[in-house]
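User: I have a protein model open and want to learn how to read it. Can you take me through some features?

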Amino acid sequence: MIKPYLMFNRECEEAFKLYIEAFSGEIIAMQKYSEIPSSPDFPVEESDKDLVLYSQIRLTEDGIIMGSDSNRELNDSDKVVVSVELNSVDQARKAWNTLKEEGSIHMDLHETFFAKLHGSLKDKFGVSWMFTVN
């Protein structure tokens with residue numbers, strides 16, 4: 001499944017409320033950084049605990065967008081990510097290894113508390129990708 005994923009500079013919740021108002025949409029899911037299980041691998045600053053870790057909203061009957069707040073300052077070109085949800089670890093690793101060549105890795109592909117594998121990168125053409133294996 002492929003969905004648009006929007007990244008924000010500390011304004012995801014505000015932006016998604018506006019989008020919901022504009023389209024008479026609804027929140028499907030919203031998780032804050034404060035809800036992350038405590039881990040030394042992913043420390044959360046007190047000032048970041050109210051930021052959106054993950055959100056999904058429905059804007060039309062079959063139109064869904066996802067988004068979150070970044071823990072790094074983003075330029076406008078970094079705010080839209082192609083989110084790819086896969087069921088196969090092998091398929092994810094193949095696509096990941098192909099797209100990372102001459103690109104740059106934002107978050108290495110690894111196991112997380114919410115997925116078998118998750119990671120993000122920018123390919124050599126400047127397109128940002130987020131991979132999740134459920």
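Analyst: Start with strand pairing. Strands (E, at least two residues) and helices (H or I, at least four) are DSSP runs, numbered from the N terminus. Two strands pair if DSSP finds at least two bridges between them. Here, E5 and E8 pair in the parallel sense over 5 bridges. Within that pairing, Val-84 has Phe-131 in E8 as its bridge partner.
The model is predicted, so local features need pLDDT of at least 70 and side-chain atom pairs count only at pLDDT 80 or more, while totals for chains, interfaces and linings use all residues. Residues are numbered from 1 along each chain as its sequence is written, and side-chain values use heavy atoms, with hydrogens and water left out.

User: How many bridges join E7 to E8, and do they run parallel or antiparallel?

Analyst: E7 and E8 run antiparallel, joined by 6 bridges. Lys-122 stands opposite Ser-128 in E8. The hairpin of E7 and E8 has 5 residues between the strands. In that hairpin, Gly-126 takes a positive phi near 90°.

User: Is E8 enclosed or open?

Analyst: Check burial. Buried means under 20% relative accessible area, exposed over 50%, and partly exposed in between (1.4 Å probe, protein chains only). In E8, 5 of the 6 residues are buried, so the strand is largely enclosed by the rest of the structure.

User: In which sense do E6 and E7 pair?

Analyst: Strand E6 (residues 104-110) and strand E7 (residues 117-122) pair in the antiparallel sense, over 4 bridges. Met-107 stands opposite Ser-120 in E7. A hairpin of 6 residues joins E6 to E7.

User: Where does Ala-115 lie, and what does it touch?

Analyst: Ala-115 lies in the loop between E6 and E7. Its relative accessibility is 8%, so Ala-115 counts as buried. Ala-115 touches Thr-132 and Val-133, leaving aside residues up to four places away in sequence. Ala-115 is also 5.2 Å from Asn-134, C-alpha to C-alpha, though the two are 19 residues apart in sequence.

User: How many aromatic pairs does the structure hold?

Analyst: Rings of Phe, Tyr and Trp (its six-membered ring) pair if their centres lie within 6.5 Å; planes under 30 degrees apart count as stacked, over 60 as edge-to-face and the rest as tilted. The structure holds 5 aromatic pairs. One of them is Phe-8 with Phe-16, edge-to-face at 5.8 Å centre to centre and 90° between the planes. Phe-8 is buried at 7% relative accessibility, and Phe-16 is buried at 0%. Another edge-to-face pair is Trp-96 with Phe-131, with centres 5.6 Å apart and planes at 75°. Trp-96 lies in helix H2 (residues 89-100) and Phe-131 in strand E8 (residues 128-133), so this pair ties together parts 35 residues apart in sequence. Both Trp-96 and Phe-131 are buried. Ring pairs also link Phe-8, Phe-16 and Tyr-19 into a cluster.

User: Which residues lie nearest the centre of the largest pocket?

Analyst: Rolling a probe the size of a water molecule over the atoms shows where empty space is left. On a 1 Å grid over the protein atoms alone, a pocket is an open set of points where a 1.4 Å probe fits, with protein on both sides within 12 Å along at least five of seven lines; lining residues have an atom within 4 Å of a point. The largest pocket is lined by 37 residues, and Phe-42, Leu-53, Met-107, Phe-114 and His-118 lie nearest its centre. E6, E7 and E8 are among the strands that each supply at least two residues of this lining.

Methods: Contact = heavy atoms within 4.5 Å.
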